[in-house]
Amino acid sequence: MSNSYQEIVEQFVWEHPEFFNFATDVIDDWAAQSPDKLAMLHIDADGTERRISFSEMSDRSRRLTAALAAEGMQQGEPVIIVLGRQIAWWESVTACIRGGFIYSPGTTQLAPKDLAYRINAMGAVAVITDQASAEKFDAVAADCPTIRTRLVIDGCREGWLDYQQIITSTAATTESVPTRADDTAVCFFTSGTTGNPKMATHNHVYAKGHITTGKYWLDLKPDDLHWNISDTGWAKAAWSSYYAPWLCGAAIFVHHLI
């Protein structure tokens, strides 16, 4: 029989470790416990289905972290990620967390001026996106002097690194940076309904707090398959398409239509 609400409240303890890194302490841990455990079921608009294990997510994120570090990325530097529901969004977020880089998700609806505003507001040094948004960035690149590294996930583009190629060619040797729980991990932007968007940063242990989302709100179990339809540019995607399900060991269902 399930515990009562009062019993759960009385027994619950907030854990606040000195160090915490979601890539190591959650994704790598599930991969070590069960390498073939399903992390994501991904279906494209054409019906192509991919089943991604925690082991594969761990491996590819390690490669991307190593590739970004080889490009000169340093712990604490910001990366803007403008992608839809492509698998690369989850890989990129995990790679940034692993390397101690501050990731900032942006919706693909952003206009060129919106991209420039966000990049300059946070001083982003790298951008990871697809061809459609890369074109938007190129239109304002001259106004974004802090950007040093550009990665495009779907093919070649002049002045951009080929995301798929660098992951394939980079060894998965990178260990996670020992990020302190209070180090900044993510920078969200508000919608800007009352002026320019405002930055909202969260630390690494913020992710651990979403055990309340996954276990008590979504009631997720390790054998569950969870579907959240939030745009990847919004914080809800971090809550329910990333942190909460994977803290509970549940797999994420993703339907990428565009």
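I take helices (H or I, at least four residues) and strands (E, at least two) as DSSP runs, numbered from the N terminus. This is a predicted model, in which local features need pLDDT of at least 70 and side-chain atom pairs count only at pLDDT 80 or more, while totals for chains, interfaces and linings use all residues. Residues are numbered from 1 along each chain as its sequence is written, and side-chain values use heavy atoms, with hydrogens and water left out.

**Entry 1, the pocket.** I searched on a 1 Å grid over the protein atoms alone, where a cavity is a set of points at which a 1.4 Å probe fits but cannot get out, and a pocket is an open set with protein on both sides within 12 Å along at least five of seven lines; a lining residue has an atom within 4 Å of a point. Points are joined across faces, edges and corners, and a volume is the space filled by probe spheres set on them. The largest pocket holds about 410 Å³, and among its 18 lining residues Phe-12, Glu-15, Ile-211, Lys-215 and Tyr-216 lie nearest the centre. Helices H1 (5-11), H2 (22-33) and H9 (211-217) each supply at least two lining residues, with H2 giving the most, 4 residues. I sorted residues as nonpolar (Ala, Val, Leu, Ile, Met, Phe, Trp, Tyr, Cys and Pro), charged (Asp, Glu, Lys and Arg) or polar (the others, Gly among them), and this pocket lining divides into 10 nonpolar, 3 polar and 5 charged.

The search of the whole structure finds 1 cavity of 30 Å³ or more, and the largest cavity has about 40 Å³ of space. I noted its lining as Arg-85, Trp-90, Asn-228, Ser-230, Thr-232, Ser-241, Ile-252, Phe-253 and Val-254, to which strand S11 (residues 251-256) gives the most, with 3 residues. The lining of this cavity comprises 4 nonpolar, 4 polar and 1 charged.

I then looked at Arg-85, which lies in the loop between S3 and H4. Is Arg-85 buried, exposed or partly exposed? Taking buried as under 20% relative accessible area, exposed as over 50% and partly exposed as in between (1.4 Å probe, protein chains only), I record Arg-85 as partly exposed because its value is 26%. With contact meaning heavy atoms within 4.5 Å, and neighbours within four places in sequence left aside, the contacts of Arg-85 include His-42, Trp-90, Asp-231 and His-255. Arg-85 and Asp-44 are 41 residues apart in sequence, yet their C-alpha atoms are 9.1 Å apart in space.

I fitted axes as lines to C-alpha atoms, for helices over the stretch in contact, with angles from 0 to 180 degrees between N-to-C directions. The axes of H3 (residues 54-70) and H4 (residues 87-99) come within 8 Å and cross at roughly 65°. Residues in this contact include Met-57, Arg-60 and Leu-64 in H3, and Trp-90, Ser-92 and Arg-98 in H4; the contact divides into 4 nonpolar, 6 polar and 4 charged.

Ser-92, found in helix H4, counts as buried because its relative accessible area is 0%. Not counting residues up to four places away in sequence, Ser-92 touches Leu-64, Ile-81, Leu-83, Ile-128 and Tyr-163. Thr-173, in the loop between H7 (163-169) and S8 (184-189), counts as exposed because its relative accessibility is 60%.
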